Amino acid sequence: MLPAKPEGFAISYEDGGWADHCRANGVFAHIVGPATPSDGPVRQAWDDNIMRAAELSRSIHPDLGRLVDLLVTDVVVFNSGVDGGGSANKMPGVVLMSPAASWQPLDFAMCLVHEGLHAALFILDTVNVMFEAPPEVLEGERYQALSAVKIGQKRPLHAAFHAAAVAVPLMYMEHSQGKSRLVDKYTVSLREACKDMQTKRKYFTNYGRLLLDEMTEWAETDPIDFDQVAHALSGAEFAGYQPAIVV
């Protein structure tokens, strides 16, 4: 395992240690495999945009900046033509990124927050378990639910929950910048995904149901209440869950 910096995050590329690790272990082969070599000017442009993105996250909401600072240790950038990112539960803190040429700092910022929140959910699930079955069981057809992001597609329950959860801050971030593409795209699909996951609530733990119910309540609000998202990022009533102690 590669060491993390004591603060901030490290940026590496297709020839770095994390890229080698991904190739050797078949992690996100669709991003790593087709990557072409990047040169100094391209890397400098990526670096500049990523640092602007981290600052933009903080300016949108300080706790989004803290999420990235706390949970993202490494950003690995590839020129793969994929236009997206990825993170894996066996590599918490590592964000793979394949930015499109058209990406602006907001796109980089949403990628950092998107993957940082995935990392948060991976870690959270090890502390306060959210599902009654492990991921390999949740791959089964009867556990699948609609994805808020891959619209109209069924995904394993844990993947559907992740997709719904990460859609919320992305909608919030875009809305804060006066844009609405993702808001328009995900508002209906998020409601449908939450409604479908509610039919699978017996496969969630009590804690998982709490999260699902809070997200469902927010998604069903019309119009969407983005002030509630801002409050939920640091509101003690959302962040202060304490599981029951068995005596």
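Contact is taken to mean heavy atoms within 4.5 Å. The structure is a predicted model, in which local features need pLDDT of at least 70 and side-chain atom pairs count only at pLDDT 80 or more, while totals for chains, interfaces and linings use all residues. Residues are numbered from 1 along each chain as its sequence is written, and side-chain values use heavy atoms, with hydrogens and water left out.

Helices (H or I, at least four residues) are DSSP runs numbered from the N terminus. In H4, the residues Asp63, Leu64, Gly65, Leu67, Val68 and Leu71 are buried, where buried means under 20% relative accessible area, exposed over 50% and partly exposed in between (1.4 Å probe, protein chains only). These buried residues of H4 pack against H3, helix H5 (105-127) and H7. His61 is located in the loop between helix H3 (40-60) and helix H4 (62-71). His61 has a relative accessible area of 12% and is therefore buried. Apart from its neighbours within four places in sequence, His61 contacts Tyr172, Ala230, Leu233 and Ser234.

A nonpolar core is a set of buried Ala, Val, Leu, Ile, Met, Phe, Trp, Tyr and Cys residues joined through side-chain atoms within 4.5 Å. The largest such core has 65 residues, and those with the most contacts inside it are Leu157, Phe161, Leu190, Met197 and Trp218. Helix H7 (residues 157-176) supplies the largest share of this core, 12 residues. A second, separate core of 13 residues includes Trp18, Cys22, Val27 and Val32. Leu190, with neighbours within four places in sequence left aside, is in contact with Ala148, Ala164, Val168, Met171, Trp218 and Ala219.

The axes of H7 and H9 come within 11 Å and cross at roughly 45°; axes are lines fitted to C-alpha atoms, for helices over the stretch in contact, and angles run from 0 to 180 degrees between N-to-C directions. H7 and H9 are therefore oblique to each other, since angles under 35 degrees count as roughly parallel, over 145 as roughly antiparallel, 65 to 115 as roughly perpendicular and the rest as oblique. The contact involves Phe161, Ala164, Ala165, Val168 and Met171 of H7, together with Leu211, Leu212, Met215 and Trp218 of H9.

Asn206 belongs to helix H9 (residues 206-220). With a relative accessible area of 60%, Asn206 is exposed. The C-alpha atoms of Asn206 and Ser59, which are 147 residues apart along the chain, are separated by 34 Å.

Notes
Helices (H or I, at least four residues) and strands (E, at least two) are DSSP runs, numbered from the N terminus.
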